[in-house]
Amino acid sequence: MRQVFRQTIQKYWWQLELLAFVILSLLWILPWGFSGKLYTGDDLGFHLNRIQGLYQAFKLSGNWFQIPAVATTAFSAWGYPINLFYPALSLIPAAWIQAVATGVGGYYVYLILLNLVTLGIAAFTAQRILKSRAQGFLVAVIYGFAQYRFLDFFVRGALAEGIVFAFLPLIFYGIYCLTVGDDRRWYWLAIGMALIALTHVISLVLCAVGVVIMLSMWVLRRDQLGRRLQHLGLATGTAILLSLSFLGPLVEQLKQVGKLGVAQYTLADSATQLGDLLSNSLDNATASNQINFGVLFLILTVLAIVAWKRLTAFDRYCLILGWVFVFMATNLFPWGLFQGMLGVIQFPWRFLALGCFPLSLVGTRALLIVCHALNTNRQWWLIPLAAVVAVGLSMSTSERLYRQVGQGTNKIVTNANYQATATQDTTTDYVAQKGQVSMAAVRTHSIPVMNTQPNGQVPTTLQQQQGQNLPNGLIYNLHSTVAQRIKLPQIYYTGYHVYVNNREQQPRLDANGVVHVKVPAGNSQIRYVYQRTPIQRLTGWVSLLTWLGLLGTMAYRWFRRQKAGLSKD
């Protein structure tokens, strides 16, 4: 009977694994997912605006695949060019889901899909590294239910950073292939870095530092360094080309805008203290100012130390690497030396994300070694039991947060206030510092308010009528009693064009970057619209062709292997 059971599992492994991941993804959102409530934490309101802006732009344009550069229905609907500074590719499925499942429910459906993808990618990479499907499954569960990942999604509301967890295993696997594995699979590093670049810029910086550190994996196998270095260069160049559709326009905008309004922090001060990190981890703390990586990783670290002599060199490397990233999260690391170079990361404890996957790998191995189940039938009960423990710890933490938050906080979102929360964010991170002073007036959408006289009087020569939101800009309808130059409630960005009565004007900008145009006496229609720049079009085509070429090559090689009867990826 036991033999039949094992054969059935082996025969239908991927179907059973997929079913398990679906069930686990449903459990992951409990109790929040079926409560009709969202806890916005620190940043979720911002990300809900990003999703809603995409959804409304898709709906207005009828094009459900092209990411708009600007948000004209979210972020207070003034035309914030959020998608030029904050990549939106990974949010497209969330916008699509909002078309059929609106509000809170649609967001949780998106989280389920995200978790499913994260578990799948983690299992895919771990199974190829550890050469065991069962061990890869446990690694995926430990990683997917990691405490720091939970904090990103459910406490901090850092959606983009949470999404990045899906791609971090690809980076680790890519480095593994380049240094100790089959370096002909360098493309996994390129794909992982590109997907992160198209999700979260700060995480791209973190991962670039992480890649440099992880290249130390070369000490485990010091052969064919020349060829491996060539493939590293190829991976780097390919990653840049794959993500050029975002990075190119970003550089173009930064050159024009100058210094942004993004908050700056002193890394030595924003890093966590090691004592606080460990005590909060022991408690699985659930506050955004109690950053931690959870008690489970502490337990797995102890097991790895106990099993140290029986660990492979690679296992030991993963343990050391994981704790290097933990060390970098603390103020014990000399962050003062790197403030100028890495100040953009804001919080060094973000490096905890990079430590989760290697610690999951070595933790799984250590658990099986200590329990004498590495190559025995004990795996069949130990791995499910360990998975239940990992899931149970995460669910108990989620339940505690659910009770702590309660009903009264203004950070709770339901379908009743979802629309307001998802459209009225007032962030100005990507407005030039010189333009910050004008933002209160810009958000009124009022031309008379923008042209208020120094004595505080609103001009009587201007009467604004009903306008219109476009997927790529706004229309203002105005009556002026005299011909005059007026200020629009807009901050200028490269790519914006202004048309007065269907005639394009070259706008004049004041010291704050506010747009000035001429209007004749009488009625005028002013269209302020964003049009893709030549750099956007060029980099978009370069990235598209690179993606098609890379994925086509991978598919061709896969079919060749299948035809040859090989089962390896």
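His516 touches Arg485, Ile486, Lys487, Pro507, Arg508 and Asp510, leaving aside residues up to four places away in sequence, where contact means heavy atoms within 4.5 Å. The structure is a predicted model, in which local features need pLDDT of at least 70 and side-chain atom pairs count only at pLDDT 80 or more, while totals for chains, interfaces and linings use all residues. Residues are numbered from 1 along each chain as its sequence is written, and side-chain values use heavy atoms, with hydrogens and water left out.

**Around His516**

His516 is found in strand E9, and with a relative accessible area of 16% His516 is buried; buried means under 20% relative accessible area, exposed over 50%, and partly exposed in between, with a 1.4 Å probe and protein chains only. The side chains of His516 and Asp510 are joined by a polar contact of 3.0 Å, a term for a pair of N or O atoms within 3.5 Å; within protein, one must be able to donate a hydrogen and the other to accept it, and residues adjacent in sequence count only if both atoms are side-chain atoms.

**Strands and their pairing**

The protein chain has 25 helices and ten strands, which are DSSP runs numbered from the N terminus (helices are H or I, at least four residues; strands are E, at least two). An open sheet of three strands has the order E5-E9-E8, with antiparallel pairing. Strand E5 (484-491) and strand E8 (508-509) stand at the edges with a single partner strand each, so one side of each is left without a neighbour in the sheet. Two strands pair if DSSP finds at least two bridges between them.

| Strands | Bridges | Facing residues |
|---|---|---|
| E5 and E9 (residues 514-519) | five | Ile486 and Val517 |
| E4 (residues 473-480) and E10 (residues 522-530) | eight | Ser480 and Gly522 |
| E6 (residues 496-500) and E10 | five | Tyr496 and Tyr530 |

**A helix residue and the cysteines**

Thr546 lies in helix H25 (residues 534-563) and is buried, with a relative accessible area of 17%. Not counting residues up to four places away in sequence, Thr546 touches Thr238, Leu241 and Leu242.

A search of the whole structure finds zero disulfides, a disulfide being a pair of cysteine sulfur atoms within 2.5 Å. Cys318 is in no disulfide, and the nearest cysteine sulfur, that of Cys356, is 13 Å away; at 1% relative accessibility Cys318 counts as buried. The sulfur of Cys371 is 19 Å from the closest cysteine sulfur, in Cys318, which is too far for a bond, and Cys371 counts as partly exposed at 26% relative accessibility.

**The chain as a whole**

Along its principal axes the C-alpha trace spans about 90 × 55 × 50 Å. Buried residues make up 55% of the 569 residues, and among contacts between residues at least 6 apart in sequence, 75% join residues at least 24 apart.
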